[in-house]
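Let us go through this structure by asking what stands behind each label.

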Amino acid sequence: NDKRWTEGLDIVHRLEHNGHRAYLVGGCVRDKLLGRPLHDIDIATSAKPEEVLGLFSRTLPTGLKHGTVTVMEEGSSFEVTTFRQEGDYTDARRPDEVSFVLDVKEDLARRDFTFNAMAFGSDGKIVDPFGGQDALRAGVVQCVGQPSERFGEDALRMLRAIRFAAEFGFDILPDVWEGIISNRGKLAQVAMERVSAEWDKMMAGGGPEQACHYLFKSGLLVNVKESLPESFRGAAERYRLNGSDWHWEEWGALDSDESSSGNLLYLPLLPDADLRWAALLIGMGVNGSDTLKLFRSLRISGKRAERIAAIADFHESLSAYDESTMRHGWIKNTIAHSRSIAEDLLSIREACGETVFAEREWLTEMSVSSVAELDVKGDELSRYLGVAPGPWISVLLQRLLEEAASGRIPNDKGSLLSEAKSAMRNMTEER
Ligand code: ATP
Ligand code: MG
């Protein structure tokens with residue numbers, strides 16, 4: 001971390017020795033002041049892109065039109081961008097044109113929030129024309145300039161405001177919040193990929209509960225480009241109007257007096273973004289198939305979407321069982337989905353304060369949960385029963401799996417084969 005910061009400063013020195021001005025800027029300066037881990041290290045300079053390309057041996061022309069060159073040093077890469085200003089925004093998305101400028105302060109003025117609009121010089125001094133350090137000390141998200149204007153230029157900034165507030169535990173200043181409310185319709189102009197990248201970062205980050213609270217309270221999410229499933233939209237709107245009325249209130253022992261964020265407070269207790277997504281959507285009453293639809297709109301990949309939807313599906317299927325049949329429900333669903341999906345759902349319920357001793361025991365007692373684990377294979381069944389292979393094999397294997405999983409017969413070849421024989425006899429008699 002410190003090493004990359006120092007390497008970044010080496011690049012700054014190199015530029016200065018060649019007659020240019022240069023600074024570390026943006027997120028890395030903010031994170032350094034906050035004592036947080038640094039992600040990318042960005043450098044702003046008066047040097048033009050061609051000059052940067054000429055000064056360093058290993059470079060990539062990442063975004064020459066926008067003034068950005070990637071410089072590689074000792075395995076890390078640094079984005080070096082010429083001081084620039086942005087032209088008019090006509091589509092709430094990206095500037096119509098950029099023009100290079102001479103002064104770092106003009107470059108800082110185009111940035112979104114005051115704590116993102118600071119530059120760190122080789123003299124160790126911070127250029128901070130908008131009071132970014134004060135905002136960090138006060139713990140507030142403050143725009144450079146008029147929030148309403150800045151969100152109108154680039155609607156994604158509304159999501160960034162929420163992400164930073166949630167991640168750092170900062171307050172959103174009232175004028176910033178008003179700017180979000182009055183510009184929320186413009187989120188429809190932002191590509192779904194960019195919306196979901198921000199939202200997903202929030203789910204993975206340090207304050208998912210705060211992020212969701214702001215996202216729902218602002219009404220931003222129902223203003224995205226594609227229409228999201230009605231079950232999701234409805235729950236999001238109810239939260240905006242009344243606070244939480246979500247299902248998982250029934251599960252947990254958490255006092256929900258604190259704030260209207262109610263049981264969103266469970267989210268940070270879950271270790272990964274996918275479990276948090278699943279907990280959120282289950283809480284909102286979004287089922288497995290609507291979860292898949294939602295993620296398709298959000299362009300979230302197949303594997304992740306399938307896992308999250310399977311958890312929601314598992315949860316939903318359990319509503320068909322009562323106390324006396326619940327064990328059967330768990331066994332059936334574990335077979336249908338997988339043991340790891342069952343464990344995911346248990347993690348969520350535990351995080352929500354529910355006692356899941358019985359369910360854990362049912363899972364531990366299950367000696368098999370998939371056909372592959374059975375001590376008999378399809379061709380063995382066919383040979384043993386003297387029947388040519390056909391679709392009946394998978395039907396029978398499924399039946400054997402249920403018997404073995406529920407503990408009615410042991411998972412050994414002898415028991416499985418004799419069970420197969422009598423099941424086969426029944427199946428033929430039924431016909
Ligand atoms: P992180 O990397 O933790 O997501 P960051 O602030 O570094 O946060 P980046 O997307 O890496 O975010 O952008 C680097 C810098 O570019 C920001 O600190 C900010 O100064 C500026 N910036 C990024 N996106 C915007 C935007 N949409 N509008 C204005 N300035 C922006
Ligand atoms: Mg960054």
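Q: What kind of model is this, and how are its parts numbered?
A: The model is predicted, so local features need pLDDT of at least 70 and side-chain atom pairs count only at pLDDT 80 or more, while totals for chains, interfaces and linings use all residues. Residues are numbered from 1 along each chain as its sequence is written, chains are lettered from A and ligands numbered from 1 in the order in which they are written, and side-chain values use heavy atoms, with hydrogens and water left out.

Q: What counts as a helix or a strand in this chain?
A: Both are DSSP runs, numbered from the N terminus: helices are H or I with at least four residues, strands are E with at least two. By that rule the chain has 20 helices and 11 strands.

Q: What makes S1 and S2 paired strands?
A: Two strands pair if DSSP finds at least two bridges between them. Four bridges join S1 to S2, which run antiparallel. Ala 22 stands opposite Thr 45 in S2.

Q: In which sense do S2 and S5 pair?
A: Parallel, over four bridges. Ile 43 has Val 80 in S5 as its bridge partner.

Q: Why are S3 and S9 called edge strands?
A: The open sheet has seven strands in the order S3-S4-S5-S2-S1-S8-S9, with mixed pairing. Strand S3 (59-63) and strand S9 (126-127) each have a single partner strand, so one side of each is left without a neighbour in the sheet.

Q: Which strands does H2 touch?
A: Contact means heavy atoms within 4.5 Å. Helix H2 (residues 27-34) packs on the sheet and touches S1 (22-25), S2 (42-45), S8 and S9.

Q: What makes one space a pocket and another a cavity?
A: On a 1 Å grid over the protein atoms alone, a cavity is a set of points where a 1.4 Å probe fits but cannot get out; a pocket is an open set with protein on both sides within 12 Å along at least five of seven lines. Lining residues have an atom within 4 Å of a point. The largest pocket holds about 1,500 Å³. Of its 46 lining residues, the closest to its centre are Asp 42, Arg 110, Arg 111, Asp 112 and Arg 160. H7 gives the most to this lining, with seven residues.

Q: How many cavities of 30 Å³ or more are there?
A: One. The largest cavity holds about 30 Å³. Its lining includes Leu 215, Phe 216 and Ala 236. Helix H10 (208-218) and helix H11 (230-242) are the elements that give two or more residues to it.

Definitions and conventions
Axes fitted to C-alpha atoms, helices over the stretch in contact; angles between N-to-C directions. Points joined across faces, edges and corners; volume = space filled by probe spheres on them.
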